[in-house]
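Here are my notes on the model, as numbered points.

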Protein chains: 4
Amino acid sequence: MVLILRKNAEEKQLKNLIEWLKNQGLDVHLSKGRYQTIIGLIGDVSAIDIELLKGLNIVESVMRISEPYKNANRKFHPDDTVLDVCGIKIGGGHFNVIAGPCSVESTEQIIEVAKSVKKSGATLLRGGAFKPRTSPYAFQGHREKGIQMLLEAKKETGLPIVTEIMDVGSLPLFEDVDIIQVGARNMQNFELLKELGMTRKPILLKRGLANTLNEFLMSAEYIMAGGNSNVILCERGIRTFETSTRNTLDIAAVPLLKQYSHLPVLVDPSHASGIAQIVPPLSLAAIAAGADGIMVEVHNDPEKALSDGAQSLNPAQFDELMQDVKKMLTIFTDRKLVEIREEER
Amino acid sequence: MVLILRKNAEEKQLKNLIEWLKNQGLDVHLSKGRYQTIIGLIGDVSAIDIELLKGLNIVESVMRISEPYKNANRKFHPDDTVLDVCGIKIGGGHFNVIAGPCSVESTEQIIEVAKSVKKSGATLLRGGAFKPRTSPYAFQGHREKGIQMLLEAKKETGLPIVTEIMDVGSLPLFEDVDIIQVGARNMQNFELLKELGMTRKPILLKRGLANTLNEFLMSAEYIMAGGNSNVILCERGIRTFETSTRNTLDIAAVPLLKQYSHLPVLVDPSHASGIAQIVPPLSLAAIAAGADGIMVEVHNDPEKALSDGAQSLNPAQFDELMQDVKKMLTIFTDRKLVEIREEER
Amino acid sequence: MVLILRKNAEEKQLKNLIEWLKNQGLDVHLSKGRYQTIIGLIGDVSAIDIELLKGLNIVESVMRISEPYKNANRKFHPDDTVLDVCGIKIGGGHFNVIAGPCSVESTEQIIEVAKSVKKSGATLLRGGAFKPRTSPYAFQGHREKGIQMLLEAKKETGLPIVTEIMDVGSLPLFEDVDIIQVGARNMQNFELLKELGMTRKPILLKRGLANTLNEFLMSAEYIMAGGNSNVILCERGIRTFETSTRNTLDIAAVPLLKQYSHLPVLVDPSHASGIAQIVPPLSLAAIAAGADGIMVEVHNDPEKALSDGAQSLNPAQFDELMQDVKKMLTIFTDRKLVEIREEER
Amino acid sequence: MVLILRKNAEEKQLKNLIEWLKNQGLDVHLSKGRYQTIIGLIGDVSAIDIELLKGLNIVESVMRISEPYKNANRKFHPDDTVLDVCGIKIGGGHFNVIAGPCSVESTEQIIEVAKSVKKSGATLLRGGAFKPRTSPYAFQGHREKGIQMLLEAKKETGLPIVTEIMDVGSLPLFEDVDIIQVGARNMQNFELLKELGMTRKPILLKRGLANTLNEFLMSAEYIMAGGNSNVILCERGIRTFETSTRNTLDIAAVPLLKQYSHLPVLVDPSHASGIAQIVPPLSLAAIAAGADGIMVEVHNDPEKALSDGAQSLNPAQFDELMQDVKKMLTIFTDRKLVEIREEER
């Protein structure tokens with residue numbers, strides 16, 4: 001860490017600062033120039049509050065040289081993390097496709113979707129039981145019953161299940177859930193992250209709508225600091241001025257996260273765009289950018305008028321996408337679609 | 001609500017849609033033009049999922065005409081909401097200044113700050129006990145002990161206290177807290193909002209970094225839908241591309257929120273800017289824009305080198321600001337600074 | 001176009017508005033509901049100022065149903081536009097790679113780069129002669145001499161040249177330039193666009209940093225309205241809060257622009273990211289998303305310390321990327337890399 | 001300027017870099033640590049391309065310590081710049097109100113508005129002759145005739161006139177214009193800025209929709225580098241995700257620009273918000289934040305239905321605003337509304 005001091009820095013304040021820094025266990029290197037005075041800090045600065053330092057009268061600016069995350073940092077863990085979820089490997093060249101409906105509506109629905117997406121090649125089943133909704137008057141999901149429905153679908157198909165948690169209190173209900181999802185709105189719900197860090201459950205952490213990659217990795221660090229290293233990162237679009245899409249998929253986040261961290265990186269093109277029609281090209285772009293998997297909304301209700309949500313593919317569209325995904329993966333030797341064998345059931 | 005249908009809308013799908021809408025208890029007005037077919041919906045559309053409708057094959061676009069929030073809506077409650085917190089009125093012409101340190105550090109510190117800000121004219125005391133921190137390695141606050149320290153300061157000065165809650169689980173610890181703050185990162189922690197809606201505690205709800213005014217009011221609606229109408233809105237800056245300030249204070253949010261809603265609107269210039277030097281001009285701008293109060297960080301540790309955080313004023317700076325606030329309020333006849341009488345202690 | 005009127009709309013104002021609309025040559029359909037009055041407009045609304053209507057006292061909101069762009073609109077021109085630049089086809093399945101240095105530095109340099117990128121498979125040569133620089137003190141490019149250097153490189157290699165124009169005044173200098181680039185900062189320099197619309201030159205129009213897709217297409221429309229239909233669109237990243245990359249590549253813009261318009265769509269991963277290391281994955285993502293080509297910065301100065309700019313690939317890196325591009329295109333049957341034959345020289 | 005080098009920096013590259021830096025006339029201070037090597041640069045770094053340095057293999061990051069702008073920098077010119085426009089002083093405590101219609105429509109209209117706003121206390125007249133419009137099919141302004149109409153209004157009222165230029169070519173038409181406005185879309189039209197730098201005309205420079213304060217000041221620097229120090233800065237809102245307002249007024253820009261620069265700082269609440277109703281509170285907020293003036297759209301066509309644009313005040317609303325502006329200024333001793341005496345005509 002490097003501190004640039006203001007020109008008018010008082011000697012007394014400077015002395016106080018240096019003393020305080022030394023008390024934090026840091027080596028302090030002072031270099032006074034004619035125009036500028038710079039303090040270099042060597043040691044473990046991860047607990048130093050950079051905002052506090054920036055706020056000091058005598059400090060002009062602060063530059064962090066090393067990243068504040070450690071467990072999530074590829075520098076300290078060069079090899080890819082590979083998770084094992086019910087025998088299915090995630091990361092390190094194992095490509096996964098998580099598919100399923102936005103909300104779990106009924107046992108029949110989720111089983112039907114599960115069978116359908118499995119047939120097309122999906123490796124994990126998603127479905128919302130607890131639904132974060134902007135309006136208190138909108139349907140909030142089937143909650144614990146929704147989880148039971150997902151478990152039925154797992155029993156029927158063997159596909160491990162992924163579903164979202166919304167608060168610490170409902171954690172006991174997630175005991176049989178294979179991967180617990182933390183939604184974008186909860187990416188900085190630090191109490192929830194800490195609690196999940198105490199478990200050893202695989203966590204699918206979605207990037208917040210207004211969060212930088214650095215903050216995203218710091219939230220992963222919250223979980224990992226508790227001892228749970230089973231974290232999957234998921235880019236799902238950020239909020240920008242553009243209104244053609246619901247959010248803006250930050251495709252550059254994929255290669256950067258892979259570079260900064262050893263954790264698996266997934267992309268959710270359905271939430272990123274909100275437009276079913278462009279989910280396939282964005283899915284292929286995610287593979288091309290280096291993603292370890294994609295997470296796609298698939299709905300399945302061909303009889304009713306309200307079958308297809310704006311961002312959900314129907315089974316036929318999903319099957320077509322999976323053909324393209326498989327073709328695409330043939331030219332990337334570093335990743336292979338995970339195969340679900342019938343015996344795994 | 002108005003639906004614009006696509007040109008190629010199939011009769012069968014249209015029939016299904018109209019039937020479904022009628023089942024939701026809505027009056028459906030269909031007008032077929034040569035080029036366009038439009039459906040007008042009359043009735044209570046607050047529970048309708050606009051995203052679902054947008055996603056339908058046959059729907060080109062959807063326009064909500066009335067706001068999806070009701071309890072928070074000025075249209076249905078033209079008069080300003082006025083809260084009463086330990087005898088101090090908030091909203092409806094009663095101007096308040098919430099002041100105090102970012103973190104509660106010790107009983108001595110918080111009492112000293114409380115005395116100092118009260119003397120300058122602050123009407124409520126703030127201080128962080130539970131601290132949301134980007135890094136898991138940073139100090140997370142004194143937590144329950146911090147609340148005790150705040151209560152000591154209240155006993156000493158009579159100033160009601162405001163402090164942030166971070167999860168549902170710690171709600172019992174907030175029984176004696178006068179105003180519970182929900183931070184920007186938890187603005188869409190819906191489970192927390194619902195739980196707070198079950199209490200009758202005054203809630204200071206901060207706008208999320210990437211949330212629109214509409215979403216902000218919907219989060220207030222979550223609390224109010226539970227029966228708790230004691231909600232205070234606080235604009236504290238949004239995330240933009242500009243890096244000179246920590247966030248961008250959306251000053252236009254003040255008159256707009258006052259127009260859309262009857263709830264009191266406060267401004268937090270400290271978090272919005274992150275720069276102590278511009279907290280005074282932004283505070284005055286907030287008054288000029290029509291705010292019902294401001295929330296300002298004040299630190300008080302003149303002996304130590306690390307006394308003043310980047311965004312905190314010291315007591316002398318705060319006192320000077322309060323002189324200007326008082327002068328400023330003299331020209332606005334619609335608002336008056338709440339007076340704290342010694343007897344209230 | 002649909003206008004939603006305010007509840008309190010005065011009869012006289014309404015009558016005035018309807019009359020005015022009819023005078024614009026529009027069919028006016030008024031439907032008065034118990035709660036809402038809606039005006040539907042049929043006819044050519046492209047010249048109607050939507051902001052003006054929004055601003056009327058009696059108008060609550062306005063919804064444009066048809067796009068305001070016509071010449072650029074795929075609805076009216078379903079077939080892909082295919083440009084022919086010195087025998088090289090662009091768009092309509094003809095995939096192109098524009099490569100070259102950020103700035104043209106010398107005749108030797110540009111010839112060397114041109115030869116090198118041509119050997120690797122590039123189909124067009126780019127190089128900055130006029131350089132838009134944030135600082136007036138930074139090197140502003142070799143200007144007219146830079147264009148001469150590019151023409152030398154064209155003579156040597158046969159590669160058509162692409163270079164940026166910065167103002168109307170220098171248009172005569174671009175007579176021999178094959179494709180004139182309009183940079184992001186000039187995307188709404190309407191006087192320049194109009195002037196370029198008067199020529200029949202192929203124009204590579206880059207998206208502005210803060211411009212929506214709709215505005216982007218409206219700028220293309222400016223050129224096309226003058227009679228010049230030789231427009232190529234180029235997505236090059238938008239400005240967001242994320243600071244890991246220089247801009248945020250809006251990959252979803254690619255399939256959306258292809259859907260909205262018949263014009264060729266290119267992607268510039270170098271300017272979008274500002275990081276050479278992630279230019280290859282972003283290039284492949286662009287192909288996967290459906291782009292008609294990419295535009296890549298390649299520098300070539302292996303002897304000097306300052307050879308590689310943050311976002312430029314060196315020739316070896318570019319050659320490796322081109323191998324991947326070719327491999328990638330084998331699985332997309334809708335697009336084929338344009339081949340440069342030696343005879344074309 | 002400080003460069004942080006990568007760990008694996010090769011000696012040869014380091015040597016090349018240091019040599020190159022010395023050739024730029026800089027003092028180079030190398031400090032090698034166990035973990036990090038840092039290069040400090042002393043001297044005139046304003047012409048150094050920071051992006052180029054960031055792009056070097058061996059450089060991890062670069063921190064600019066001093067600002068790249070000089071002429072616009074308050075550090076080198078502590079005193080406020082005061083412009084004199086036909087006897088009216090701008091900046092340095094002289095508060096100005098620029099008012100007038102969005103577009104000049106006719107001589108009668110502009111004279112009527114001019115008389116009206118002058119009566120209410122406006123000190124300068126604005127009106128668009130050349131109009132930057134998103135659509136090529138929208139009215140582009142009366143152009144040279146519009147300037148003539150403005151000059152008529154000046155003759156009639158004595159109010160100096162402000163109008164926008166859109167390209168270098170029309171500069172000769174602006175000879176009699178008192179203040180030339182550069183619009184947000186042209187803030188980085190560097191060729192135009194250079195040309196304006198060659199004149200000695202007062203320039204009202206508006207901030208670009210996606211430009212940082214630093215870029216804004218660099219654009220001012222472009223004009224000043226040519227010798228024209230008559231620059232007025234105008235904050236007019238930036239583009240963010242919020243859609244309630246047309247743009248987001250960055251009120252914090254006002255005190256920051258005043259701190260960074262000695263140039264006068266104005267605020268345009270009309271374009272920033274696009275909503276007439278909140279123009280008054282935003283105007284007052286601008287004064288409270290320290291602005292040297294405001295620029296307000298006022299329309300004047302009470303007979304016609306289409307009289308008031310979304311963001312324009314009518315004369316009565318403007319007159320009311322001016323009463324509040326005057327009241328507001330009474331409590332700020334550092335600024336005083338400029339008085340227009342009849343003799344000045």
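1. Start at an axis. In chain B, the residue that comes closest to the rotation axis is B:A210, with its C-alpha at 2.7 Å. The same surface serves both copies, as 96% of the contact residues of chain B recur in chain A. Contact here puts the C-beta atoms of two residues, placed from the backbone, within 7 Å. The rotation that superposes chain B on chain A is 180°, with 0.0 Å of shift along its axis and an RMSD of 0.1 Å. Superposition is by least squares on the C-alpha atoms of residues with pLDDT of at least 70 in both copies.

2. A word on the basis. This is a predicted model: local features need pLDDT of at least 70, side-chain atom pairs count only at pLDDT 80 or more, and totals for chains, interfaces and linings use all residues. Residues are numbered from 1 along each chain as its sequence is written, while chains are lettered from A and ligands numbered from 1 in the order in which they are written.

3. Next, the contact between chains B and A. It joins 47 residues of chain B to 45 residues of chain A. On the chain B side, α1 (11–23), α2 (50–54), α5 (190–198) and α6 (213–225) each give two or more residues. The largest share, five residues, comes from α6(B). Helices (H or I, at least four residues) and strands (E, at least two) are DSSP runs, numbered from the N terminus. By class, this side of chain B has 22 nonpolar, 13 polar and 12 charged residues. Nonpolar means Ala, Val, Leu, Ile, Met, Phe, Trp, Tyr, Cys and Pro; charged means Asp, Glu, Lys and Arg; the others, Gly among them, are polar.

4. What does chain C bring to chain A? In this contact, 31 residues of chain C meet 31 residues of chain A. Elements giving two or more residues on the chain C side are α7 (253–260), α9 (279–289) and α10 (315–330). Here α9(C) has the largest share, seven residues. The chain C side divides into 20 nonpolar, eight polar and three charged residues. The copies meet through the same surface, because 100% of the interface residues of chain C are also interface residues in chain A.

5. Chain A by itself. Its secondary structure comes to 10 helices and 15 strands. The C-alpha trace spans about 80 × 45 × 40 Å along its principal axes. Domain 1 covers 2–63 and domain 2 covers 83–344, with bounds from an automatic or database domain assignment. Their C-alpha centres lie 43 Å apart. Of the 345 residues in chain A, 58% are buried (20 or more other C-beta atoms within 10 Å of a residue's own; exposed is 12 or fewer, partly exposed in between; C-beta atoms placed from the backbone).

6. Last, helix α10 of chain B. Which of its residues are buried? They are B:P315, B:F318, B:L321, B:M322, B:V325 and B:M328. Seen down the axis of α10(B), the buried residues fall within an arc of 130°, so they line one face of the helix. On the other side, B:A316, B:Q323 and B:T330 are exposed. The buried residues of α10(B) pack against β7 (94–100), α3 (107–120), α9 (279–289) and β14 (293–297) of chain B.

Key: The arc is that of the directions from the helix axis to the C-beta atoms.
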